[in-house]
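Subject: Structure for you, with notes on its pockets

Hello,

Here is the structure we spoke about. Please open it next to this message and follow along.

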Amino acid sequence: MSRGEYHRLLETARRTNERLCLVMQTICATGIRVSELEYITVSAVRAGQAEVYGKGKLRVIFIVRKLQKLLLQYARRHGITGGSIFITRSGRPLSRHNIWAEMKALCVRAGVDRRKVFPHNLRHLFAKCFYAAEKDLGKLADVLGHSNINTTRIYTMECGAKHEKVLKGLRLLL
């Protein structure tokens, strides 16, 4: 998914599904896994960081001020005073299935190819943007919670066309 497609999804969701808009922004702005959204609690947002326990380890997810503000405003408007911010009508944390289905429904209205839209692709977009800014695979691995840096490399791989363009740009041939 490209940054432009992501923004089209957000703009469409902002008009039709505020919660989904914030879920997508939270995943994409933090690199969190969709299964870890339950750790985005009111208290974590107030603190500016969430402690995520998964795959046998603890990692800290930082929540930037702009996202903190958006999430706390949302929680206030919806009477969420504690626990997970992203909940169903019955008060349970949103499931991967809920989010996946809502994102797929959004595709048509946003004009984005359904085959590109999955919650995990937001994590990929985060990883690509983070790596483009930092150029540090080790730091990215830490942020994403990967034990093996080879897992992280998958997130930063470029497509063949981009690789070919870089090679042409080297101008090493007569």
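Which residues line the second largest pocket? They are Ala29, Thr30, Arg59, Val60, Ile61, Phe62, Val64, Phe126, Phe130, Asp142 and Val143. Two or more of these residues come from each of α2, β2, α6 and α7 (137-144), and β2 gives the largest share, four residues.

Before the rest, some notes on the source. This is a predicted model, in which local features need pLDDT of at least 70 and side-chain atom pairs count only at pLDDT 80 or more, while totals for chains, interfaces and linings use all residues. Residues are numbered from 1 along each chain as its sequence is written, and side-chain values use heavy atoms, with hydrogens and water left out.

Pockets

A pocket is an open set of points on a 1 Å grid over the protein atoms alone, with protein on both sides within 12 Å along at least five of seven lines; a lining residue has an atom within 4 Å of a point. Volumes are the space filled by probe spheres set on the points, which are joined across faces, edges and corners.

The second largest pocket has a volume of about 190 Å³, and its lining divides into eight nonpolar, one polar and two charged residues. (Ala, Val, Leu, Ile, Met, Phe, Trp, Tyr, Cys and Pro count as nonpolar, Asp, Glu, Lys and Arg as charged, and the others, Gly among them, as polar.)

The largest pocket has a volume of about 670 Å³. It is lined by 22 residues, and the closest to its centre are Tyr6, His7, Leu10, Gln25 and Ala29. At least two lining residues come from each of α1 (3-16), α2 (18-30), α4 (65-77) and α6 (119-134). Helices here are DSSP runs of H or I with at least four residues, and strands are runs of E with at least two, numbered from the N terminus. By class, the lining has 13 nonpolar, three polar and six charged residues.

Cavity

A cavity is a set of grid points where a 1.4 Å probe fits but cannot get out. One cavity of 30 Å³ or more was counted. The largest cavity has a volume of about 30 Å³ and is lined by Arg33, Val52, Tyr53, Gly54, Lys55, Lys57, Arg59 and Gly145. Two lining residues are nonpolar, two polar and four charged.

Regards
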